[in-house]
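Hello,

Here is the structure I promised to pass on. Please open it first, then read my notes below.

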Amino acid sequence: MTWWFRARLGHSGLPAGLACLTLLALALHDTSAILPSLTLTSGAPTRLVEFVPIVATTTVGLCLDSRLENAEVSGIRPVRLFDCLLVAFVVAVVCIIGLGIGLMLGSKLAMEMGRDTAFLVGLMLSARTWIGPSASMVPLGWIAAVALAGFRRPNDPYFWTVIAEPLGNPVAALASGAVFGVGLLCLIYRSRKST
Amino acid sequence: MNLRTLLRFTSALRFAPLAVGVALFYFFHTTSLGLRQFSLGYPPSVVATSLEVMYPFAYATAIALGAWESGRLREAEIWQLAPARSQYRIAAQVLWPAVGVAWSLLLLPVVLGFAQERSMPTLQSLPPLLMGMLLCVAHSVIGFIVGCRVKRIVAAPVVAAGAWLAVAMSWTVEPFWWRHILGTFEPIEFGERASAIAILADVLPTCGLAVALLLYGVALHRSIGKLGSAVLAILVFASCSGAGFQLARDWGASAPMARAEVPMTCVGHDPEVCVPDISESMLPSIATQVTTSLTRLQSAGVTESPSLVTDSLPDGRSPRASTSQTWYVDLSRGASAGRLATLIIRAAVRFPCHDPEPELARTVLLWAATKAHQVGEVESGFKEDPFFDEAQRNRLHRRVAAVLSQPEQRQAQWYRRSLVVACDQPGSPS
């Protein structure tokens, strides 16, 4: 497991990414901005904390793309299982960071970060199966799409946006869980040769 | 590399359908309506209105594709090969499709906008577009150099999110200078054009960053060493963004606009009536209405006839004050809205102060309207005022009737005195 850990940047990229994420979440946890929107003439009020999971998805992508190709294709170690654990670990850590910041600073928005991260990581992992490394742009595309077309009225998002829904929304919670599961399945069953 | 190979490998072409889709969707969903309502086919307005919402998307596209292409070269280990071509040429070759896609996001809405408004671009309408195109190049260079250092799957989404957020939210955040230095341009009204100084403030910081990164990342390592190029890069960036900030620091919500030369069509003599060419078709009826009203007002002793009545439409957001010889009246818009007579009467009744006592002012205006045979229009204007109710209207009519029952001479005297009184003593009608 040691070489897998080092190959996946567990000692460098992963902690660096999570540290960046923590700092960003601390800085942006209660800031909103009005972004251009198609469905609202006044613009979509977007919580900037919705952008923070991009750090998590890129970290996951970076770690999973950092491989020892030959050893992994021919080896007998359960590398995919390890990879799944890695992804689950990142999402769990982000959930804890979000909850911690939320409870510490009394910010409901920061608590949503874990759910959003699960959703976007799942989305990214599923997309990787089809479009390879370009999938790292998919979470940003989703966030932009939510700002552009995700709102019926200010603070009244469509159900499909998931990341714009409030914390307790059951549909959003279920959807992020499901998408995260699909992402993990994609990670397990994708072709061995792809990177 | 020949063109076909280049286009087969570039990520720009794969991203293009999505980008163009967003541009088209945005145009037909939002921009098109705004153009129809506000642009009047005036080329600088058409350009600025079409571009307003596209800047952040174009910049995010340029910077993300720049980072992505750069990462592709790095992963292919191009830079480890023995140099047969200049590094700049290699970079330029992979960057131009990226810049092309970003440019199409700007060019497409502008072309569609001109087609919809059946208008032709003029030289003075183009600076906001050229500024956007220049900044797309700068953003792609920034993305490229970031992509040389950071893996593309990290670099591309992070720089794209950063550029998009910074530019897109600049419209709604204070301080105001933020929105003037990141390369967006606000809507331009009729008669205005982008001023050179506003464009400069928009261009300097981003281009400064691109040049600084270029100096640090690529150009100077071999000749002046790492430390020297770092110092130079910081100097370039600091001076460029500092200059942009200094320019824009004191601007309000909108950047300073320059006055454009608008071709005018004139007719008649004493008064000569002028409107911009775009409302030429309305000119005969406007001129007739202006001269008739003025003759009537003149014979009632309301005003001397000016030598020039000109449309205030070309003044944009900085209206000029009328003088006794030259009147600036909102002729075209007034005529389209059917309230031209009211505007002429308001221009004719020249109170010596800015804010006359409202009740007396209304009495004077309605009296002048009676003299100009335009009571109906002025009254319907009063009816739109929610703070002016039925009882007040009846009182106003009684007062005007009282004035009108006097002989002509006395009425003219009352009028001249009222102009002074309305400004002297608020709340004391004569």
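One residue pair is in polar contact between chain B and chain A, with both residues at pLDDT 80 or more. Keep in mind that this is a predicted model. Salt bridges across the interface of chain B and chain A number zero by the rule used.

How much area is buried between the two chains, and what share do carbon and sulfur atoms give? The area is about 1900 Å², and carbon and sulfur atoms give 82% of it. In chain B, the residues that lose the most area to chain A are Ile153(B), Pro157(B) and Trp164(B). Together they account for 29% of what that side buries.

Next, a surface feature on chain B. Ile224(B), Leu227(B), Val231(B), Leu232(B) and Leu235(B) make a nonpolar surface patch of about 480 Å². One of these, Leu235(B), sits in helix α10 of chain B, which covers residues 221-248. Leu235(B) counts as exposed because its relative accessibility is 53%, and the cut-off for exposed is over 50%.

Now the inside of chain B. Helix α15 of chain B spans residues 375-383. Its buried residues are Glu377(B), Val378(B), Glu379(B) and Phe382(B). What do the buried residues of α15(B) pack against? They pack against four helices of chain B: α11 (283-299), α13 (340-348), α14 (358-371) and α16 (390-404).

Last, one residue in chain A. Ala172(A) lies in helix α8, residues 170-189. Is Ala172(A) buried or exposed? It is buried, because its relative accessible area is 1%, and buried means under 20%. Setting aside neighbours within four places in sequence, Ala172(A) contacts Arg115(A), Val162(A) and Glu165(A). Leu123(A) is 49 residues from Ala172(A) along the chain, and their C-alpha atoms are separated by 14 Å.

Over to you.

Best wishes

Note on methods:
Residues are numbered from 1 along each chain as its sequence is written. Chains are lettered from A and ligands numbered from 1 in the order in which they are written. This is a predicted model: local features need pLDDT of at least 70, side-chain atom pairs count only at pLDDT 80 or more; totals for chains, interfaces and linings use all residues. Side-chain values use heavy atoms; hydrogens and water are left out. Helices (H or I, at least four residues) and strands (E, at least two) are DSSP runs, numbered from the N terminus. Buried means under 20% relative accessible area, exposed over 50%, partly exposed in between (1.4 Å probe, protein chains only). Contact means heavy atoms within 4.5 Å. Patches are made of residues with over 30% relative accessible area and no salt bridge: like charges are joined within 9 Å, nonpolar side chains (Val, Leu, Ile, Met, Phe, Trp, Tyr) within 5 Å. Accessible areas come from the Shrake-Rupley method with a 1.4 Å probe; for residues, only the protein chains shown count as cover. A salt bridge is a side-chain nitrogen of Lys or Arg within 4 Å of a carboxyl oxygen of Asp or Glu. Buried area is the accessible area (1.4 Å probe) that two parts lose on being put together, summed over both. A polar contact is a pair of N or O atoms within 3.5 Å; within protein, one must be able to donate a hydrogen and the other to accept it, and residues adjacent in sequence count only if both atoms are side-chain atoms.
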